[in-house]
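Me: I'm new to this one. Could you take a close look at the surroundings of the ligand and walk me through them?

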Amino acid sequence: MAKGPTDPILRTDLAGLTLRNPVILAAGTAGYLDEFQDALNLARVGAVIGKSITRLPRDGHETWRIIESDSGMLNAVGLANMGLDAWTRDLAPSIAHRAAAIGLTPFGSISGFSIEDYLAVADAMNKAEGLPAVEINVSCPNVHTGTSFGESPDMLRDLIAELRATLTAKRMIVKLSPLVFGPMLDIARAAIEARARPGGPNNTPGADILCISNTMPAMAIDVESRKPRLSNTTGGLSGPAIHPIAVRLIHIVYKEVAKPAGIPIIGLGGVLRWQHAAEFILAGATAVGMGTALFVDPRSPIKVASGLADWARRQGASNIGELVGGVVVHPDTR
Ligand SMILES: Cc1cc2nc3c(=O)[nH]c(=O)nc-3n(C[C@H](O)[C@H](O)[C@H](O)COP(=O)(O)O)c2cc1C
């Protein structure tokens with residue numbers, strides 16, 4: 001008998017965390033914790049990643065900061081969020097209780113503009129009860145260098161090594177950008193193998209989980225006014241347009257880096273239907289994030305999870321995890 005999103009065939013092991021299914025609501029698209037419950041029963045998804053928290057509160061950019069494009073959405077929200085103090089005071093103490101009340105698995109998310117920024121929030125999240133994993137958004141510009149932490153293996157290695165020493169009680173998800181200067185594989189390796197600079201005190205490895213990937217840098221122009229359509233001029237493209245890009249990134253990172261290291265991947269980018277999620281799984285993702293889809297149909301994660309259960313059964317799997325990385329490629333191609 002079909003059980004939809006709670007079908008046991010969907011039970012997912014994500015770096016030792018058991019999720020009821022592999023569908024995860026993406027950071028910044030589903031509130032801080034349980035606000036989305038009005039639109040979608042959060043006991044029917046695998047996990048919810050909260051809005052990224054920064055050390056200081058942020059109003060974000062002015063309107064327009066979210067616009068439609070032909071094939072998705074462009075956003076330059078500017079990391080608008082309540083900030084660390086409000087998060088620690090108003091949200092952290094109630095996470096475990098509120099999540100348990102509705103059967104929700106909450107993950108945290110951190111953004112920052114310096115290593116110190118990230119560490120301040122990581123310290124608070126590490127102490128929070130009921131938060132089994134914390135995602136690190138490394139697509140933020142470093143205030144000292146102007147480039148994103150996630151664009152340079154050296155910067156990423158330094159950041160993740162320090163975070164690893166702070167996030168001792170949580171699974172650490174490192175969320176990569178789809179656009180990096182240099183080989184993506186070096187970035188993925190840096191996230192997994194992060195170690196302190198030579199001579200430093202920390203010698204522990206880095207990420208427990210990779211998330212691939214964030215939005216794609218993009219821009220739209222109003223041709224009558226000749227002005228950019230986003231107040232910030234540029235933003236991040238999400239939705240169906242970036243899906244095939246993410247499929248390829250997951251495929252190459254899974255094969256070359258994540259599978260050999262035993263590190264699971266959360267696939268993210270343009271999942272609207274179960275087929276998109278299934279593609280991510282075949283490419284090598286253990287779990288699948290959804291963001292833009294929630295703006296189109298807030299209940300789509302349930303439909304995606306149900307579709308995955310039927311698909312896994314048709315494929316002859318006894319658990320969805322058996323299909324991870326199952327794409328059949330010609331041996332001479334990458
Ligand atoms: C309005 C909006 C706000 C977002 N805010 C965050 C954020 O705070 N932190 C983060 O890591 N990603 C953020 N993202 C990126 C999403 O988590 C996700 O990586 C991206 O939208 C691609 O997935 P999708 O195509 O399913 O939307 C945001 C995306 C949107 C559309």
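Reply: Sorted by class, the shell around the ligand holds eleven nonpolar, 14 polar and two charged residues. Here Ala, Val, Leu, Ile, Met, Phe, Trp, Tyr, Cys and Pro count as nonpolar, Asp, Glu, Lys and Arg as charged, and the others, Gly among them, as polar. Keep in mind that this is a predicted model, where local features need pLDDT of at least 70, side-chain atom pairs count only at pLDDT 80 or more, and totals for chains, interfaces and linings use all residues. Numbering starts from 1 along each chain as its sequence is written.

Of the 27 residues around the ligand, the nearest are Ala26, Gly28, Ser238, Gly291 and Thr292; a residue is near if its C-beta atom, placed from the backbone, lies within 6 Å of the molecule. β6 (72–75) and α8 (292–296) each give at least two residues to that shell. Helices (H or I, at least four residues) and strands (E, at least two) are DSSP runs, numbered from the N terminus.

Now follow β6 into its sheet: four strands make an open, antiparallel sheet in the order β5-β6-β14-β11, where two strands pair if DSSP finds at least two bridges between them. β5 (66–69) and β11 (216–219) sit at the edges with a single partner strand each, so one side of each has no neighbour in the sheet. β11 is joined to β14 (residues 234–238) by four bridges, and the two run antiparallel. Across that pairing, methionine 216 stands opposite leucine 237 in β14.
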